[in-house]
Each structure stands twice: as C-alpha cells, then as structure tokens.
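Colleague: I have a new model open on my screen and would like to learn how to read it. Could you walk me through it?

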Amino acid sequence: MYTLGTYFDELFDRIKPPDERLKAAKELSPQVRDFLEKSEDFPTLAPHSRLVGSYPQDLSVGDVKDVDFLVRVDGDPEANDPEAKGLIRDLRQELDGLPSALGYDGAAGVDIAGARRSVHVYFEGRDFHLDVVPCIAPAGFDAPIYVPDRSFNEWIPSHPVGYIALLDELNGTYGGKVKRLIRLLKHFRNVQMKTRHPKSYWLGALALHHIRPAGGLDMSQPLAALFRDLLDAIYKQYASLLPRTDGATPNINDPMLGHNISWNWDRAHFETFMRRLDDGRTWATNALDAADREAAIVWWQRIFGVDYFPATVGERLASLAAIAQPGKAIVTGTGAVVASKPTTGPAIVTRPTTFHGDVHEQKGR
C-alpha cells in the first residue's frame with residue numbers, strides 16, 4: 001500500500017494559507033473589535049468579540065480570504081429581542097462609519113455589505129473579508145450562542161467555540177489526524193467542486209460523524225487510507241437518497257446541538273457532491289493499490305491537483321535525512337544540543353562520530 005506520508009506532508013505545506021492571510025486575520029479583526037467596543041449606538045457586551053471559523057480551528061486551506069468574527073450583544077433570542085433582521089441592519093449602519101474611523105477617504109478601501117447572518121467588511125487593499133456576526137451569548141462564548149437569521153427573522157442556536165474544543169479534543173486523541181483529515185476533505189472539495197460545493201461546516205460535521213466513537217473509521221490507519229475510507233463512508237451513508245425523485249438531500253446533524261444544518265442543500269448540488277465522492281474513493285483506492293510509487297502519485301495528483309501534490313519530495317527527504325544523520329549534532333550558545341544549525345546566535349558543529357553497535361553486544365552479552 002502506497003501511503004506516501006512524506007508526499008502528504010508536502011501537500012499540507014502547499015495548501016496552508018499564505019502568511020499574508022494569517023497576518024491580515026490577526027491585524028484587521030482587532031481594528032473592527034475596537035471600533036465596535038467604543039460605539040455608543042451599537043452597544044456590545046464583554047467579552048465583546050471572538051474569532052471563530054476555520055482560522056482558530058486550524059482548518060483553513062488554500063488562499064482563504066475571509067474570517068468569521070462574533071460580536072456579542074444583549075438580548076432575548078426566544079422573544080426575538082432585539083429583532084434579528086433589525087439587528088443586522090443596525091450593525092450594518094454602525095459599520096458604515098468604520099472606513100472613516102480607520103482613516104480611509106470616505107468608503108474608499110473598505111466595502112460594507114449586509115448578508116443573511118452577518119455584515120461583510122471587505123478590505124480592498126488587503127483583499128480580505130471579515131464576516132461580522134452579531135450574537136446573543138447568554139453564558140458567554142464558551143456556551144451555546146444564538147445568531148440572527150435575517151430571512152426568517154429569528155435567532156438560530158449555534159456553538160462554534162464548543163465545536164473548536166471538540167475538534168481539539170479529538171485531534172489530540174488521534175495524534176493530529178482529525179484536523180488533517182478534514183483539511184484534506186476541504187481541499188478535495190475545492191479542487192473537484194469549483195461550483196456547487198458544500199459548506200465547510202457541513203464537511204466537518206460529516207467527518208466527525210465517522211470519526212467520533214463508534215463512527216466506523218479505523219483511526220490507526222495512515223492518513224491516505226483514512227481519507228479513502230472517509231470518502232467511501234460518506235458516499236455509502238447517502239447513496240440510498242440518489243434514486244429518489246422527491247428532491248431529497250441529507251440531513252446533516254450539527255455536531256454540537258444536533259439540529260439539521262444542511263436543510264438548504266440544493267438537490268443538484270448534492271448529486272454533484274456524490275459523483276465527486278464516487279470518483280474520489282475510486283481514485284484513492286487505485287492510488288493505494290498502485291503497482292508502484294509513480295502510479296500512486298498520478299492518482300493522488302488527480303484527486304488533489306498536480307499543483308498541490310508533488311511528483312517528488314527530494315528537498316524534504318534531504319532535509320529529513322540531514323536532521324536524522326547519525327553522529328552529527330550542533331551545540332547552541334545556550335548549551336542546547338540540536339540537529340540543525342539555528343538561524344541566529346552562536347553554534348558549534350560537533351565532530352562526527354560512528355556507531356559500532358551496542359556495548360553489550362561488543363562484550364558478547
């Protein structure tokens with residue numbers, strides 16, 4: 001079985017967000033937070049804001065240009081107080097003053113637009129979006145919250161911070177495989193479904209359904225085999241819906257609160273998703289069963305894209321070999337012994353040594 005672990009490590013390096021995206025997320029969200037905290041017309045409650053979504057979950061793939069940003073307000077969600085659609089309108093009006101507060105000339109450089117459950121803030125110079133989501137958080141962000149739905153004019157329960165905690169727990173339990181597996185699924189979606197693609201939260205929920213206890217996946221397997229098995233499991237989970245003619249689509253349960261989160265999945269989009277899953281599980285099986293490494297790589301490239309899955313990993317292998325080279329060590333200025341020379345500070349490369357076997361073996365023991 002060709003699992004190509006080092007090749008997958010290179011794939012993860014290639015699909016991680018560019019440094020400028022991470023920098024934008026860190027720099028721009030505090031500016032919006034500070035603006036809203038000072039607002040008298042749109043009062044917020046401490047703790048006033050919280051980043052959620054793919055960035056804090058460490059699930060971002062590719063050139064992600066947006067981040068979800070919660071803003072806490074006072075209210076009673078069951079009484080629709082404040083009115084859900086009215087609150088989004090009020091937030092939009094307040095954020096219209098953001099460009100001038102940040103020193104832009106009028107609205108130039110920052111575009112503000114209302115959405116179903118948020119207000120989009122687009123920083124043109126950074127090509128970056130913030131989705132500012134107002135929420136009622138009766139017990140703070142660490143407990144279930146409520147977000148507004150403008151179309152239905154009601155408050156919808158959600159638990160994004162609990163989801164992050166669940167991912168962290170499972171990821172630790174399974175040696176870091178959970179988040180890597182979800183990132184692979186999201187990248188597969190991005191490559192194979194340019195349009196009609198399912199939401200990232202749906203993909204995460206589908207993966208967790210098969211990962212959590214009694215979910216069915218053997219998490220002891222290498223990541224490549226796990227990915228194939230996940231595609232196969234999701235396909236089999238919903239294959240019975242394909243012959244139906246009533247427009248049926250999956251009911252994906254929220255991992256935290258249990259309600260259906262995919263109620264608005266278009267039937268044609270679901271059918272496209274299933275076709276791509278079927279292709280992916282077939283190609284992944286071909287890769288794992290390939291006669292040689294080169295053939296396996298071709299199949300993985302078909303799944304993840306030639307630009308993302310490397311044909312060779314010579315530089316990475318050379319680096320790993322250098323780190324693991326026996327008889328070589330480097331002593332830093334602080335006295336620490338490391339395998340590679342630090343970029344700053346003094347360091348001494350020790351004299352190479354050789355290894356002749358266990359001392360007890362040399363004595364005949």
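**Reading the model step by step**

Modeller: Happy to! This is a predicted model, so let's begin with confidence. The chain averages a pLDDT of 85, and 84% of the residues score at least 70.

Colleague: Where in the chain is confidence lowest, and where is it highest?

Modeller: The lowest value belongs to helix α13 (residues 359-362), with a mean of 36, while α10 has the highest, at 98. Residues 323-339 have a pLDDT below 50, and this stretch has 31 contacts in the model beyond near neighbours in sequence. Residues 350-365 also stay under 50, and there the model has 9 contacts beyond four places in sequence.

Colleague: How should I treat such stretches?

Modeller: Where pLDDT is low, the predicted coordinates should not be read in detail.

Colleague: Fine. How many helices and strands does the chain have?

Modeller: There are 13 helices and 10 strands. Of the 365 residues, 43% are buried. Among contacts with a separation of 6 or more, 62% link residues 24 or more positions apart.

Colleague: Next, the interior. What is the general idea behind a nonpolar core?

Modeller: In soluble globular proteins, nonpolar side chains tend to be buried together. Here, the largest nonpolar core has 59 residues, and the members touching the most others are Phe8, Phe227, Phe273, Trp300, Phe304 and Phe309. Several helices each supply at least two residues of this core, including α1 (5-15), α6 (160-173) and α10 (267-288). The largest share, 10 residues, comes from α9.

Colleague: Which residues does Phe273 touch, leaving out those up to four places away in sequence?

Modeller: Phe273 touches Met193, Pro198, Leu203, Leu206, Ile234 and Trp265. There is also a second, separate core of 27 residues, with Ala24, Val73, Phe123 and Leu130 among them.

Terms used
Residues are numbered from 1 along each chain as its sequence is written. This is a predicted model: local features need pLDDT of at least 70, side-chain atom pairs count only at pLDDT 80 or more; totals for chains, interfaces and linings use all residues. Side-chain values use heavy atoms; hydrogens and water are left out. A nonpolar core is a set of buried Ala, Val, Leu, Ile, Met, Phe, Trp, Tyr and Cys residues joined through side-chain atoms within 4.5 Å. Buried means under 20% relative accessible area, exposed over 50%, partly exposed in between (1.4 Å probe, protein chains only). Helices (H or I, at least four residues) and strands (E, at least two) are DSSP runs, numbered from the N terminus. Contact means heavy atoms within 4.5 Å. pLDDT is the predictor's confidence in each residue, from 0 to 100.
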